Amino acid sequence: MGSKVYFTTTHAAPGAGLLHKTETLFRQAGFAGLIKERDLVALKIHFGERGNTAFIPPIYARRVVENVKAAGGRPFLTDANTLYVGGRSNAVSHMATAVQNGFSYATVEAPVIIADGLTGKDFEEIEIAQKHFKEVRVASAAVHADAMIALTHFKGHEMTGFGGAIKNIGMGLGCRSGKQQMHADVKPRVDAAKCVACGKCSRWCATHAIKVVGERAEIDLSKCQGCGECIVTCPEQAIAIDWGRDSGALQEKIAEYALGAIKDKAGKVGFISFIMNITPDCDCWGYSAEALLPDIGIAASTDPVALDQACVELVNQAADRDVFRGVHEHVDWEVQLKYGEEIGLGERDYDLVRLDNVAGLK
Ligand code: SF4
Ligand code: SF4
């Protein structure tokens, strides 16, 4: 018997809409019991890049806020700043982007607090003593919160195959220098035969590491921070990494950061994953591609490894194929699950509890 993962489909009916189902999951998964009176509760969410449309809609966050308050907690919505150029690399832009995408006190009835501060330098070093890191740099607001509920948009990811709960709290709660540590081994290279010198990659590169020289782009690896944005930007697929080595190490590092992000919060963390709008890439992009398959449902657990394992299997069972290997063929997404279990983040065995069967929901 593995960790319990509570699941409901996206089938909705009178009296059983998706907000009601979200609330039922919260209760059935025992999340109210994770929160004590007056606890500061971090709701870790991705507010979506400007122009992105696939992130979790604020109405779901609001329903979770209401339930955290009903349990006695004091919730706030949070995320840490990004490494790359975009609308979330400092707290001012990040909060403006959150408002633009519909997350504000007026809409979710909780404050938005950027977890690693104005410029991404507010962090605590958390000792984890693992293979890649002895300590990890976790965004301060996440460390100082008494409890945490991670709201995750489960979808594909260009560097890790899929992005789930582990990635949401691992990469998502690393401060900017922490994110840099996770990306440090990623070494992209340009295939000169495919490059058409369009320059799109250089416009997206935050560190000006990639430039068009003559008839091809060139990367200065001494400036490259390994964020991987150029790989997805290139319309010719002319930029690649060593997927086996670089993605594997990245996934392991993310799992180590996830371990640090919830250390000292035993019995105080819950995860809700929305397996909806399953786009091929992450919500850090300024657009959202068409979903890879119809919506699957919403799942919740206190074990992020079991939850991600269940989500990826639900997706693959629904499609009758390995959806994420199909779209990111070089990436072995299983690394994050195997390594997460190895370091004690959670277990891959799970027991799926279908709320549609137990809660009278249709
Ligand atoms: S070259 Fe690519 S991977 Fe390196 S920093 Fe620039 S965008 Fe990121
Ligand atoms: S985006 Fe791709 S094709 Fe365009 S310059 Fe960069 S590597 Fe070359």
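Guide: Let us begin with a definition: helices (H or I, at least four residues) and strands (E, at least two) are DSSP runs, numbered from the N terminus. In this structure, Lys263 is found in the loop between helix 10 (243-261) and strand 14 (269-275). Please note that this is a predicted model, in which local features need pLDDT of at least 70 and side-chain atom pairs count only at pLDDT 80 or more, while totals for chains, interfaces and linings use all residues. Residues are numbered from 1 along each chain as its sequence is written, and chains are lettered from A and ligands numbered from 1 in the order in which they are written.

Visitor: How many helices and strands does the chain have?

Guide: The chain has 14 helices and 16 strands.

Visitor: Is Lys263 buried, exposed or partly exposed?

Guide: A residue is buried if 20 or more other C-beta atoms, placed from the backbone, lie within 10 Å of its own, exposed if 12 or fewer, and partly exposed in between. Lys263 has 14 C-beta neighbours inside 10 Å and therefore counts as partly exposed. Across the chain, buried residues make up 54% of the 362 residues.

Visitor: With which residues is Lys263 in contact, leaving aside its neighbours within four places in sequence?

Guide: Two residues are in contact if their C-beta atoms, placed from the backbone, lie within 7 Å. On that basis Lys263 is in contact with Ile126 and Ile128, its neighbours within four places in sequence being left aside. Lys263 and Ile126 are 137 residues apart along the chain, yet 7.9 Å separates their C-alpha atoms. For the chain, 78% of the contacts with a separation of 6 or more are between residues 24 or more positions apart.

Visitor: Which residues have a positive phi although they are not glycine?

Guide: His208, with a phi of about 55°, is one of them. His208 is placed in the loop between helix 8 (200-204) and strand 11 (210-213), and it counts as exposed because it has 10 C-beta neighbours inside 10 Å. Asp320 also has a positive phi, of about 60°. Asp320 lies in the loop between helix 11 and helix 12 (323-327); having 8 C-beta neighbours inside 10 Å, Asp320 counts as exposed.

Visitor: At what angle do the axes of helix 6 and helix 11 cross?

Guide: Axes are lines fitted to C-alpha atoms, for helices over the stretch in contact, and angles run from 0 to 180 degrees between N-to-C directions. The axes of helix 6 (residues 165-173) and helix 11 (residues 304-319) come within 7 Å and cross at roughly 130°. Angles under 35 degrees count as roughly parallel, over 145 as roughly antiparallel, 65 to 115 as roughly perpendicular and the rest as oblique. Helix 6 and helix 11 are therefore oblique to each other. Ala165, Ile166 and Ile169 in helix 6 meet Pro304, Val305, Leu307 and Asp308 in helix 11. Helix 6 is mostly covered, with 9 of its 9 residues buried.
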